[in-house]
Amino acid sequence: MNGEQLADWLEGLGLADHLAAAGLPTFERDLGGVVRWHDPATGAPLSAEQLTDLDRMLHQDGDDPAHAVPLALVQLRLQAQVRSSLLASPTHTYASLAEVRGVSENAARFAVHKAAERRALLVVPHDGAVLVPAFQLAGDGELRPELAAVLEPLLASTMDPWQVWAWLTQPAGLLGGQVPHEAARDDDEVAIVRHAAVRLAERAKA
């Protein structure tokens, strides 16, 4: 593929926007639609040899290079879609949580940090701040008690907070397609959710 064909292929797969996140060369189209590829380190235009190497690398997954899909970029796209979905769900900042709890923002910040240290609250870094996903909280802004034993092994593992958030709020294979935090509300299911969380945490450590 030449540079334009490679760009068309990536756009057709919906993967063009994830090149930079993967540390790969990126491209732009000028007003005439001409594709210009750039080196991620220097910003300089890619040479024909560099384009050939990039093409080869992106087509290396699978038995048939002509129909291969760059799996790393697909995974980045999926992660981006999951993050967008999570960010669209209810969350709290220190200020909004303080309002729910009826305390000062400083008090809420201190309580969140202490709870996170005890692995008793999922806190997710985002854009230089932190978010507290609301699914884990009761109406008074405190942690739902049935989630304490579910969160602890997950937060003690090497799992990224975004992965923990995603697992707890989406259908989980370990639970037969149930959403973990919803299943935990059922007294008959909460022990199974805890067991699944422990197993997932063990996998992360392996």
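Me: How does Glu-117 count by its relative accessibility, as buried or as exposed?

Reply: Buried means under 20% relative accessible area, exposed means over 50%, and partly exposed lies in between, with a 1.4 Å probe and protein chains only. At 59% relative accessibility, Glu-117 counts as exposed. Please keep in mind that this is a predicted model, in which local features need pLDDT of at least 70 and side-chain atom pairs count only at pLDDT 80 or more, while totals for chains, interfaces and linings use all residues. Residues are numbered from 1 along each chain as its sequence is written, and side-chain values use heavy atoms, with hydrogens and water left out.

Me: Which side chain meets that of Glu-117 in a salt bridge?

Reply: Side chains of opposite charge can pair when their charged atoms come close. A salt bridge is a side-chain nitrogen of Lys or Arg within 4 Å of a carboxyl oxygen of Asp or Glu, and by this rule the count comes to nine salt bridges. Glu-117 meets Lys-114 in one of them, at 3.5 Å from N to O, and Lys-114 is partly exposed at 35% relative accessibility.

Me: How far apart are Glu-117 and Lys-114 in helix 5?

Reply: Helices (H or I, at least four residues) and strands (E, at least two) are DSSP runs, numbered from the N terminus. An α-helix has 3.6 residues a turn, so residues three or four places apart point the same way. Glu-117 and Lys-114 are three residues apart in helix 5 (residues 105-117), so about one helical turn separates them. Asp-53 and Arg-56 are likewise three residues apart, in helix 2 (residues 48-58), and their salt bridge has its closest N and O atoms 2.9 Å apart. Asp-53 is partly exposed at 38%, whereas Arg-56 is exposed at 53%.

Me: In which sense do strand 1 and strand 2 pair?

Reply: Two strands pair if DSSP finds at least two bridges between them. Strand 1 (residues 26-29) and strand 2 (residues 35-38) pair in the antiparallel sense over four bridges, and Phe-27 stands opposite Trp-37.

Me: How are the rings of Phe-27 and Trp-37 placed, and what is the pair called?

Reply: Rings of Phe, Tyr and Trp (its six-membered ring) pair if their centres lie within 6.5 Å; planes under 30 degrees apart count as stacked, over 60 as edge-to-face and the rest as tilted. By this rule the count comes to two aromatic pairs. The ring centres of Phe-27 and Trp-37 are 4.8 Å apart with their planes at 50°, so this pair is tilted. Both residues, Phe-27 and Trp-37, are buried.
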